[in-house]
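Colleague: Please take me through this structure, starting with the sheet and ending with the backbone.

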Amino acid sequence: MATGAAAPEQVVLVVDFGAQYAQLIARRVREAMVYSEIVPHNITAAEIIQRKPSAIILSGGPASVHVEGAPRLDAEIYQLGVPVLGICYGAQLIAHQLGGLVGRNERGEYGRTTVSRIGETSVLLPAAIEADQETWMSHFDAITEVPPGFVATASSPNAPVAVLEDEARNIYGVQYHPEVGHTIQGMIVIERFLHDLAGCDSSWTMDSVIESSVEAIRAQVGEGRAVCGLSGGVDSAVAAAMVHRAIGDRLTCIYVDTGLMRKGESDQVVETFQKHQGIELIHVDASERFLSRLAGISDPETKRKTIGEVFIRVFEEASAGIENADFLVQGTLYPDVIESGTSDAAKIKSHHNVGGLPDDIEFDLVEPLRNLFKDEVRTVGTELGLPDEIVWRQPFPGPGLGVRIIGDVDREKVTILQHADAIVREEVKAAGLEREIWQAFAVLADIRSVGVMGDERTYARPIIIRAVTSEDAMTADWARLPYELLETMSNRIINEVDGINRVVYDVTSKPPGTIEWE
């Protein structure tokens, strides 16, 4: 059983219709200090009643409401009296399901678009919203006639109904995307819906998260003891600090050197937590065990599951001498849960601490960060008093360099990648870009290419440099690093790292790619 923070009294459910911005909507709700969760579009009215949400937001989506098999919302949900806001496809779905008309346009609206008020009054658009506001559109179909009981309060050049409202039923829709930063006054609309129309207060803060999490941890662990799989990364460090606040010295952290860590990382982790955090730490060097188990494995999912299983076995052995150590603390985040596949989302990849766990695990899991995005975790870490060098450390996958080595893993490849990766991080830091870049790292490809070094032919591996910007890792854009920085990294890697004769830069965003290569 996994436990996170206690559920807040108020929750806004974001219904995902396959939108690229569903996670962003959930984040914007949380920025308004209201707790949000993402749920699938096939959620039923009965399930909604059980969840008792304060409001529902319908996301956008890639489909047309006219396409056979297009996702629908259980129509009974509209009758529950829960405030509803539809965005883009969500707005069209409201119109389509409640008796309005959604027309097929000859042309769509994509990108920056001016939305203008219709009439003198609007419930959803407060006076602070300009009569002509700049918004971000991404649609082809358009609402042409509002359902009975609704009024149109704004339009755009190719959307006769850009905003529709039914104050009596507390149901609203906007054709544009208020959650996107390009919609200049978008947060005003979101906050108007949440606070004024849905009656949500601003009680969901990091202080409240810490308080509820500490209470939930104490209730779960009771008088028992817990062990924490400490990786040295942000997530496990904050999880450890949270649990330590809850149960004190009944927490023991176990740091496992998998042999797949970044250069110099193990020494840094041990020193930081033993000397500066005052948390009991057991250091286990299991590098040979991990490398032995990974020998000959090239499939990414198999690697992740193998690493996850070995992690658990090492934890079980290391904690065998700790009386009543029945609980395992993990730094699982909300994006981990979504990407690993749940009833709410298709599996993208198994995270070692979610989908990669063995079925016969002997611990009860304690996951105090399970409902949080990365930036929220950093804020919690600061509130808990962790130093900046931990809180602002770039994310590092639980399977370590094992999923940054494409193909099978061995000691030689790990050494090559550790050296190249250290150069990338050193140069990013020297350029003063650590806070601007979400992650910057090296990947070792499972191919060889011909090169020329010292007038001699070489046949060696390439290093792929990956650097992205992001807010929460759910979406990411490739970082526009200066050419001079890329040149410096390339020259250093080729000159300093044996076995490398070529450096390339990954310019793929997420989606369609993922941040990690495996």
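Colleague: In what order do the 9 strands of the open sheet run?

Modeller: This is a predicted model, in which local features need pLDDT of at least 70 and side-chain atom pairs count only at pLDDT 80 or more, while totals for chains, interfaces and linings use all residues. Residues are numbered from 1 along each chain as its sequence is written, and side-chain values use heavy atoms, with hydrogens and water left out. Strands (E, at least two residues) and helices (H or I, at least four) are DSSP runs numbered from the N terminus, and two strands pair if DSSP finds at least two bridges between them. The pairing is mixed, and the order is β3-β2-β4-β5-β12-β11-β10-β7-β8.

Colleague: Which are the edge strands?

Modeller: An edge strand of this sheet pairs on one side only. The strands that do so are β3 (36-40) and β8 (132-139).

Colleague: In β12, what is the bridge partner of leucine 85?

Modeller: Strand β5 (residues 84-87) runs parallel to strand β12 (residues 171-174), and 4 bridges join them. In β12, leucine 85 has as its partner tyrosine 172.

Colleague: What angle does the direction of helix α4 make with that of β4?

Modeller: Helix α4 (residues 186-197) packs on the sheet, touching β2 (12-16), β4, β5 and β12; contact means heavy atoms within 4.5 Å. Axes are lines fitted to C-alpha atoms, for helices over the stretch in contact, and angles run from 0 to 180 degrees between N-to-C directions. For α4 and β4 the angle is about 160 degrees.

Colleague: Why is the pair of tyrosine 35 and tryptophan 204 said to tie together parts of the chain?

Modeller: Rings of Phe, Tyr and Trp (its six-membered ring) pair if their centres lie within 6.5 Å, and planes under 30 degrees apart count as stacked, over 60 as edge-to-face and the rest as tilted. Here the centres are 5.5 Å apart and the planes at 45 degrees, so the pair is tilted. Tyrosine 35 lies in the loop between α1 (22-31) and β3 and tryptophan 204 in the loop between α4 and α5 (206-221), so the separation in sequence is 169 residues.

Colleague: How is the pair of phenylalanine 290 and phenylalanine 311 classed?

Modeller: Phenylalanine 290 is in helix α8 (residues 287-294) and phenylalanine 311 in helix α9 (residues 300-318), 21 residues apart. Phenylalanine 290 is buried at 1% relative accessibility, and phenylalanine 311 is buried at 11%. The ring centres are 5.5 Å apart and the planes at 70 degrees, so the pair is edge-to-face.

Colleague: What is omega for the cis peptide bond between proline 511 and proline 512?

Modeller: Proline 511 lies in the segment after β22 (500-505), and a cis peptide bond joins lysine 510 to proline 511 with omega of about -10 degrees. For the cis bond between proline 511 and proline 512, omega is about 15 degrees.

Colleague: Is cysteine 88 buried or exposed?

Modeller: Cysteine 88 is found in the loop between β5 and α3. Phi of cysteine 88 is near 55 degrees, a positive value in a residue other than glycine. With a relative accessible area of 4%, cysteine 88 is buried.

Technical notes
Buried < 20%, exposed > 50% of the residue type's maximum accessible area, 1.4 Å probe, protein only.
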